[in-house]
Structures are given as C-alpha cells and as structure tokens.
Amino acid sequence: MEVRISIVFLFASPGENGKRGEMEYKKFEEKIINLLQEKMGAGYVVQTAEVMKNNDIRLRGIVILRESDKISPTIYLEEPYRKYCGGADMQEIAEQIAALYEEQERHIHFDMDFFCEYGRVKDRIFYKLVHYGKNRRLLEDVPHFKWHDLAVVFYYAMEEKLLGKASILIHSNHLDMWEQSAEKLYRDAQDNMKRGMPEQLIPLQEMIESITGVKPQKEKEVQMYVLTNAERMYGAAVMLYSEKMKELADSLQSDLLLLPSSVHEILVLPDTGNAQYRFYLEMVEEINTTQVEPEEVLSYGLYRYNRMREEIEEIAMEG
C-alpha cells in the first residue's frame, strides 16, 4: 500500500495576507506556482496545500513533489507574500523558495515504507492535548478521546537524527491501514509517554531563570510550578500520567490548582479556594491573549487536582 505523507516545516511565522485583498493573494499564489513549476521542470509537481493547525487555524502553503516522493515539506507562503507586498521581485521570491525546498529535501529524503507497519512505529506513538471545542473539524478525521473540555490526540514522533522534532498527526486512515483500534493506540501511547516523555515539575522562578539567565528577586515566596515534559513539547499532556502532582499535593497538604498556560505546559499552585478562581481565570485569558501563539492555546478554563480522589477535575464557574 502506498502512503503519501507530508511533513510540515514552519519556515516563517504565520501572519495576515497583507492589504491587497484575497484576489491579489490568489494571483500571487498562482504566479509563484507557475514560476516554481517552470523552474523545477516536468519531473516535479508544484501544488498548493492548506494545513490545518491546532485550534482550527489554517495556513496556506505549497508542496513540491517528485513522482517517487512520499514525503515533502510544506512551505508556508505568508512570509513570501509579505515580501511581495513590500515590492520584492516575483522571480527572486521563487528562487528563494526553490532553494529552501532543495535544502530541506536533502534532509528528509528517506524511505517511509516502515510507516505502513504498526509494529515498526508503535514505540514512537505519543499523545497530546488540544481544545475539544476549537478543533471539532480536525477531530472528525483523527482518533481521539474527550477529556473534560479537551481532547487527547495522537502523533508519531520522527527519529530526531532524521528530522529533529518533526511529527505526523495520526489520522483515522492510519488506524485503518494498521488495522488497530483507538484504544490500542492509547495504551501504547500511554506506555511511551512515561518512558519517552518523562514529566518535569519545576518551580516557576527556576524556569524563568533558566530561560532568561536572570535570577528573579524574591520579595515573597511564590509556590507556583511548571508542569511539562523533558522535551518541553506538548507537555500539558503530562497531566494524564503525572505522579509528581500527587507528591506535591501530599507535601503541601492541599489540592492543586492547574492553569493551562499552553499546549506545552501547565502552571501548578496550591488551591486556596474559590475566592481566587476569578483572578486566575483572568490570568489564563491574559496569557492566552498576549503571550501564546493562537495555535498553542490549550484552554481558557481551570482545573483542580483533587488530593483525596487523586484525580483532575474541571472547575465550573458560574456567571
């Protein structure tokens, strides 16, 4: 069975299409495809691709494929279009895109036949959390499990020596090809998460110091922690298998309040009661609005680790 898989590489930050309007953008897209097709020759097919990202964010790009290719980078067009709007020459833009493709193609030209066999991929199947309501369209085509206001979805993590941290989102047709169930996928991913994505619970001040190199001034001790994984990628999913939350709750003799900072991490602090919930909801909204890329927003809600029941609850706010 032949499987054609496209790996997405983010070469430029997504942005708006500029001020020339949708029709002008379509003309740009058609022109750049024609120029690239002419440059690459008859042995290649240049086509547009719409990539659905997390939270129903859609990005336009192009894919350059040879007949024998089963994998190819998707190159987003937002940055090239901004250059065009700024007066850059179309031929020069096409040359830059072609050079970018050739550079990346050298790194990803390898046999993907192994992906057809579940036994050869199951040890690198992991899961991540996304918002359920904001990804309804995506979830129609991917195996998933609903968890509070979130959904558990699955991905295959490429070997780092091949593609760094690139991944392939698992779709329903992959399960059909492998003749596996979503339940089997979850069991295998759960085992892989504990082994391949070990959890980290780091004091927030220590995390800030590691990122900035500046030691924060402590006027008063802040009991806030960052829960993530060793890769610091899709670390919010650690909530589903964390043992450190129980250890922290027991040591503090308190339930824990969990703030969804992004798909990559969760902020954890002692739960001091519902008088503070509104404040922390506003904090989550502020972080999502000003500090997190739209596709990395996880949720606008709050969660609680219930120490007595040893489980995570969604905090429902009235009004």
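## Burial and the basis of the model

A residue is called buried when its relative accessible area is under 20%, exposed when that area is over 50%, and partly exposed in between, with a 1.4 Å probe and protein chains only. At 44% relative accessibility, F279 therefore counts as partly exposed.

The structure is a predicted model, in which local features need pLDDT of at least 70 and side-chain atom pairs count only at pLDDT 80 or more, while totals for chains, interfaces and linings use all residues. Residues are numbered from 1 along each chain as its sequence is written, and side-chain values use heavy atoms, with hydrogens and water left out.

## Helix 10

Helices (H or I, at least four residues) and strands (E, at least two) are DSSP runs, numbered from the N terminus. Helix 10 spans residues 244-252, and its buried residues are M245, L248 and A249. These residues lie on the same side of helix 10 because they cover an arc of only 100° around the axis; the arc is that of the directions from the helix axis to the C-beta atoms. E247 and S251, on the other side of helix 10, are exposed.

Contact means heavy atoms within 4.5 Å. The cover over the buried residues of helix 10 includes strand 9 (199-203), strand 10 (225-229) and strand 11 (256-262). Strand 12 (265-270), strand 13 (302-306) and strand 14 (311-315) are also included in that cover. After helix 10 comes Q253, which has a positive phi, near 55°.

## Aromatic rings

Rings of Phe, Tyr and Trp (its six-membered ring) pair if their centres lie within 6.5 Å; planes under 30 degrees apart count as stacked, over 60 as edge-to-face and the rest as tilted. In the whole structure, a search finds 21 aromatic pairs. In one of these, the rings of Y127 and Y241 have centres 6.4 Å apart and planes at 65°, so the pair is edge-to-face. This pair links distant parts of the chain, 114 residues apart: Y127 belongs to strand 5 (residues 125-131), and Y241 to the loop between strand 10 and helix 10. Both Y127 and Y241 are buried.

The rings of F279 and Y280 also form an edge-to-face pair, because their centres are 5.1 Å apart and their planes stand at 70°. Y280, at 12% relative accessibility, counts as buried. One aromatic cluster is formed by F114, F115, Y118, Y156 and W178.

## Cysteines

A disulfide is a pair of cysteine sulfur atoms within 2.5 Å. By this rule, the count is zero disulfides. C85 counts as partly exposed at 27% relative accessibility, and C116 counts as partly exposed at 23%.
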